Amino acid sequence: MTTAAHDSPFRRLLGHARPHRSTLAVGAVLTTAGALTELAQPLVAKSVVDALAADESMLRPVLLLALLVLGGAVVGAFGRFLMERAAEGVVLTARRGLIARLLRLRVDVLDRQQPGDLISRVTADTTLLRSAATSHLVEVGVGTVSLTGMLVLMARLDLVLFLVVLGVVVLIGGCSLFVVPRIGQAGRQAQEALGELGAGLERVLGAFRTVKAAGAEHHEAAALNDAAARAWRRGVLAARWGAVAGVAGGLAVQLSFLSVLGVGGTRVASGTLPVSSLIAFLLYLFYLVAPIHQLVSGISGLQIGMAAVRRMGELEDLAQEPTHAPAAPPTAPDRTSTGGTRTSGAAVRFREVGFRYDETGPAVLDDISFDIPANGLTAVVGPSGVGKSTLFALLERFCEPDSGSIEVDGRNVRDWPLPELRRVIGLVEQDAPVLAGTLRDNLLLAANDATDQEIERVVGLARLTSLVDRLPNGLDTPVGHRGTTLSGGQRQRVAIARALLRRPRLLLLDEATSQLDALNELELRDAIADISRTTTVLVVAHRLSTVTRAHQILVLDQGRVRASGTHEELARTDDLYRVLSSTQMLGPDSHPPHPRPERTPLMRRAATAVGVLFAGTVTLPAAAPPPSRRTAPGP
Ligand SMILES: Nc1ncnc2c1ncn2[C@@H]1O[C@H](COP(=O)(O)OP(=O)(O)OP(=O)(O)O)[C@@H](O)[C@H]1O
């Protein structure tokens, strides 16, 4: 279902009901028919008694009564079932629509949302839609038709009494205009408080160990209780205004009764109105109770529903990723033994790319330009927060550059259909997220058609074989919420295996081996070096061992590439790189120790900033033969 941003909540509500309108209509008709049979039952019961009294055959009236009772019950029950089915259908369609939109949200947009609040919109708000888009909508429709019909009949019976009733109805209607928006507002605030509660719960449960270790349970519980109390207060307020609306409806009927009795009685006494007309009028008034009640309950329910629809609409209106890009001829894939594709020239090209996360915030990348040659290992180094991970986010199109262009395999990333672009990239994020489920579920996340042999291959490459052998159910062992049953290093290896299973052309590793022990890291580095023969591998370097193996190193500083080249070249020529490498305690066996440079203020600043960047002390021989490049290529 698509909704335009400018649609009113009521139009959106109708939009949710529209796909189920035939079921709803049949359900409403059958429910009404069931109710009508109930009305007819006393009359038929009377004929049964009459027949008994007159000693006549009771067969016909008894059969008719049985038919009415059974038929009415069945028809009414079926009608109610259809209405409920339509209601569930409305909720299902709405949830599916929201889930689809949620998963197509732009990453940078999602970053600014509270996941718990979004969850409450998909679960709790859609539940409110259940009756709003069905029974309350029907109530309002049926109530309006019945009320109008009865008012017309009353007008035909006696204009004076009709005007009296109309006056009262209009008066109470005016009061409702005051009450009804307040019900909607309170309903909306209650849902917002529920969203805050969801966001708070997500915050606490997402960092449960931290909360416990910090002894922050009481503080967090107080915040959650606050949100729960706010939701309760708003709910009670909505109920209070609902009760006021109900009282107004009841008052309308009672006032009408009294007014009609007063005015009608006077007119009967003066002989201007026959008694029978007054009685008929009062009977109509009696029947007016039901439609007024329906209208009041329907409108109150609709207000709450529309508050939920408004919140769902806000989610629907969040910016989505493009579903397809302008068609451009894709480069023909040339699968190699490791699954990568061999391409000539630059596999990745950044040209004068400018980017800031926030329009008013500082520039993270400032007209940055560089080339990553196809196949080979390129390392990106630089002080913390300089924008290394942001390069990956731009390549994956999690966010869009403000200026410049980014090419993958000679094609602007904007021209790639998004799924295709992401299919050729394997990304291992800094925090190596592992999802709840089994190890196999996690591996298949990015390649659900992978065979057992392929899984076995990447499990071996990522040095996970001994872990899988140890697990009680091997690959089918659940790994807990966010992979809590795995160690940090195991999670990293799972994330690497997952990325490799995709057989990417471009492998992006964001400090992906930072938590591995020296032996595992060494083995994994060998595997990655192997892969880099046929795949373009770009790593955000955390440890010196990675940097020294890279064919090319890019040194990022102040949003630009300040230098590029091999470890030896940069160690000779770039001050910042020298500072970075000197903080890593470069071992004497792999590289001759570089003379410690005299520290300039810039270098001292950088050294402080990168104090924690390079933690490892593993030393490895430099890769051979690296393509030499000293400075960042211009556009
Ligand atoms: N989603 C975001 N919204 C706003 N600002 C962000 C976001 N992600 C990162 N930043 C900011 O952008 C800058 C670059 O962040 P980035 O993660 O790319 O740095 P990095 O070089 O990878 O750092 P580190 O080595 O510490 O991982 C930082 O100042 C960071 O605060």
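Helices (H or I, at least four residues) and strands (E, at least two) are DSSP runs, numbered from the N terminus. The model shown is predicted, with local features requiring pLDDT of at least 70 and side-chain atom pairs counting only at pLDDT 80 or more, while totals for chains, interfaces and linings use all residues. Residue numbers start from 1 along each chain as its sequence is written.

View 1. Over residues 159-180 the chain is 100% helix and 0% strand, with the end C-alpha atoms 30 Å apart. Residues 62-83 are likewise 100% helix and 0% strand, and their end C-alpha atoms lie 31 Å apart. The UniProt annotation "transmembrane region", from an unreviewed entry, covers these spans together with residues 238-258, 278-302 and 606-624; UniProt positions follow the numbering used here, feature names are shortened, and annotations may be inferred rather than shown by experiment.

**View 2. Packing of α3 on α5.** The axes of helix α3 (residues 59-103) and helix α5 (residues 115-157) come within 8 Å and cross at roughly 150 degrees; axes are lines fitted to C-alpha atoms, for helices over the stretch in contact, and angles run from 0 to 180 degrees between N-to-C directions. The angle therefore makes α3 roughly antiparallel to α5 (under 35 degrees counts as roughly parallel, over 145 as roughly antiparallel, 65 to 115 as roughly perpendicular and the rest as oblique). Residues of α3 including M83, V90 and L102 meet residues of α5, among them L118, R121 and S135 (contact: C-beta atoms, placed from the backbone, within 7 Å). By class, this contact of α3 with α5 has 13 nonpolar, five polar and three charged residues (Ala, Val, Leu, Ile, Met, Phe, Trp, Tyr, Cys and Pro count as nonpolar, Asp, Glu, Lys and Arg as charged, and the others, Gly among them, as polar).

**View 3. Packing of α3 on α9.** Helix α9 (residues 275-316) packs with α3 at an angle of about 30 degrees, their axes being 9 Å apart. The two helices, α3 and α9, are therefore roughly parallel. In α3, A94, L98 and R101 meet M312, L315 and E316 of α9. This contact of α3 with α9 has four nonpolar, no polar and two charged residues.

**View 4. Crossing of α1 and α5.** Helix α1 (residues 9-17) and α5 have axes that come within 10 Å and cross at roughly 85 degrees. Accordingly, α1 and α5 are roughly perpendicular. L13, H16 and A17 in α1 meet L129, A132, A133, T134 and L137 in α5.

View 5. Residues around the ligand include D111, Y357, K388 and Q430 (near: C-beta atom, placed from the backbone, within 6 Å). The shell comprises three nonpolar, seven polar and two charged residues.

Conventions: Two residues are in contact if their C-beta atoms, placed from the backbone, lie within 7 Å.
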